[in-house]
Amino acid sequence: GIATLWKNGAAQRLTDGTKNASAQSVYVSGSDVYVAGSENNGTNNIATLWKNGTEQRLTDGTRNASVRSVYVSGSDVYVAGYESNSVKDVATLWKNGTEQRLSNGTKNAYVSSVYVSGSDVYVAGYEYNENGTIATATLLINNTGQRLSDGVNIAYVQSVYVSGSDVYVAGYESNGTKEVATLWKNGAAQRLTDGTKNARACSVYLSGDDVYVAGHEYNGNTGNVATVATLWKNGTPQNLTVGTNSAYAYSVFVK
């Protein structure tokens, strides 16, 4: 695959296609365009940041690494993801190219999203237990951790957004049988689906007092199970597709 950025429908290739690469997140600050992703060196994935198409390698390629989110605050560029320590994957945040490890490396841990508000840095991700069977949703605020789930059932977070003193995290948590699309506000879980069908919340964005969450839910139709792309506004779902074919919503933005 070729890491690609589309601007107004026109494709800009970030890699030459000789090695597999992917772009996961984009952020625009002034006239500068930042894209975070990874490129394979034939052995490992290298965590990579492109600024205006110019590549900056965040890892040296001796260990597997990838990034999922980029956020720019003033002159500071934050990139979030993970890097392997050869045994486990370590949740990692890069600030201006300098690596900061957010987990101790004894269990697999990943960062899905980073958001900066003032001088505070919010990082959302998840960490597995020792045997790798259960993931616990986690929010770090200036490196101080807060568990969003209790570790009994699998939980993942995909997106974090901050508005004033309120912190919103979107993801999903299993109820033991199904995945439930979930929005956490200041650590308190709000279930967006009733738990009878698998569903995931992938992105959260605030506009004024309105909270928008994009994701998808299985329709559960016998013999024709498909996912329905869904937008929740203040907890009320709006189906974006009819469920004949599977569809997924991964990001929402309001302007």
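**Exercise 1. Contacts of valine 213 and the nonpolar cores**

Task: list which residues valine 213 is in contact with, leaving aside its neighbours within four places in sequence, and find which residues of the largest nonpolar core touch the most other members.

Solution. 
Step 1. Contact is taken as heavy atoms within 4.5 Å. With neighbours within four places in sequence left aside, valine 213 is in contact with Ala170, Leu183, Leu192, Ala201, Ser203, Val204, Thr230, Leu231 and Trp232.
Step 2. A nonpolar core is a set of buried Ala, Val, Leu, Ile, Met, Phe, Trp, Tyr and Cys residues joined through side-chain atoms within 4.5 Å. Buried means under 20% relative accessible area, exposed over 50%, and partly exposed in between, with a 1.4 Å probe and protein chains only.
Step 3. The largest nonpolar core holds 46 residues, and those touching the most other members are Val114, Leu139, Val160, Val169, Leu183, Val204 and Val213. A second, separate core has 12 residues, including Tyr34, Leu49, Ala65 and Val70.
Step 4. In soluble globular proteins, nonpolar side chains tend to be buried together.

The model is predicted: local features need pLDDT of at least 70, side-chain atom pairs count only at pLDDT 80 or more, and totals for chains, interfaces and linings use all residues. Residues are numbered from 1 along each chain as its sequence is written, and side-chain values use heavy atoms, with hydrogens and water left out.

**Exercise 2. The hairpin of E19 and E20**

Task: describe how E19 and E20 pair and state which residue in their hairpin takes a positive phi.

Solution. 
Step 1. Strands (E, at least two residues) and helices (H or I, at least four) are DSSP runs, numbered from the N terminus.
Step 2. Two strands pair if DSSP finds at least two bridges between them. E19 and E20 are antiparallel, with 8 bridges.
Step 3. Across this pairing, valine 204 stands opposite valine 213 in E20.
Step 4. The hairpin has 2 residues between the strands, and glycine 208 takes a positive phi near 65°.
Step 5. A polar atom of the asparagine 219 side chain lies 3.0 Å from the backbone oxygen of glycine 243.

**Exercise 3. An open sheet**

Task: give the order of the strands in the open sheet of 4 strands and identify which are the edge strands.

Solution. 
Step 1. The order is E7-E8-E9-E10, and the pairing is antiparallel.
Step 2. Strand E7 (65-73) and strand E10 (98-101) are the edge strands, as each pairs on one side only.
Step 3. From one strand to the next, the twist averages 25°. Axes are lines fitted to C-alpha atoms, for helices over the stretch in contact, and angles run from 0 to 180 degrees between N-to-C directions.
Step 4. Strand E9 (residues 89-95) is joined to E10 by 4 bridges. Tryptophan 94 stands opposite glutamate 99 in E10.

**Exercise 4. Salt bridges**

Task: state how many salt bridges a search of the whole structure finds, then work through three of them.

Solution. 
Step 1. A salt bridge is a side-chain nitrogen of Lys or Arg within 4 Å of a carboxyl oxygen of Asp or Glu. The search finds 4.
Step 2. Glutamate 55 and arginine 57 form one, at 3.4 Å from N to O. Glutamate 55 is partly exposed at 36% relative accessibility, and arginine 57 is partly exposed at 44%.
Step 3. Arginine 191 and glutamate 173 form another, with the closest N and O atoms 3.1 Å apart. Arginine 191 is in strand E18 (residues 188-191) and glutamate 173 in strand E16 (residues 166-174), so the pair ties together parts 18 residues apart in sequence. Arginine 191 is partly exposed at 43%, whereas glutamate 173 is buried at 9%.
Step 4. Glutamate 179 and arginine 200 meet at 2.8 Å, N to O. Glutamate 179 belongs to strand E17 (residues 179-185) and arginine 200 to strand E19, so this pair ties together parts 21 residues apart in sequence.

**Exercise 5. Arginine 63**

Task: locate arginine 63 and find which side chain its own side chain meets in a polar contact.

Solution. 
Step 1. Arginine 63 sits in the loop between strand E6 (54-57) and E7. Arginine 63 is partly exposed, at 32% relative accessibility.
Step 2. Not counting residues up to four places away in sequence, arginine 63 touches Asn44, Asn45, Glu83, Ser84, Asn85, Ser86 and Arg101.
Step 3. A polar contact is a pair of N or O atoms within 3.5 Å; within protein, one must be able to donate a hydrogen and the other to accept it, and residues adjacent in sequence count only if both atoms are side-chain atoms. The partner is the side chain of serine 86, at 3.4 Å.
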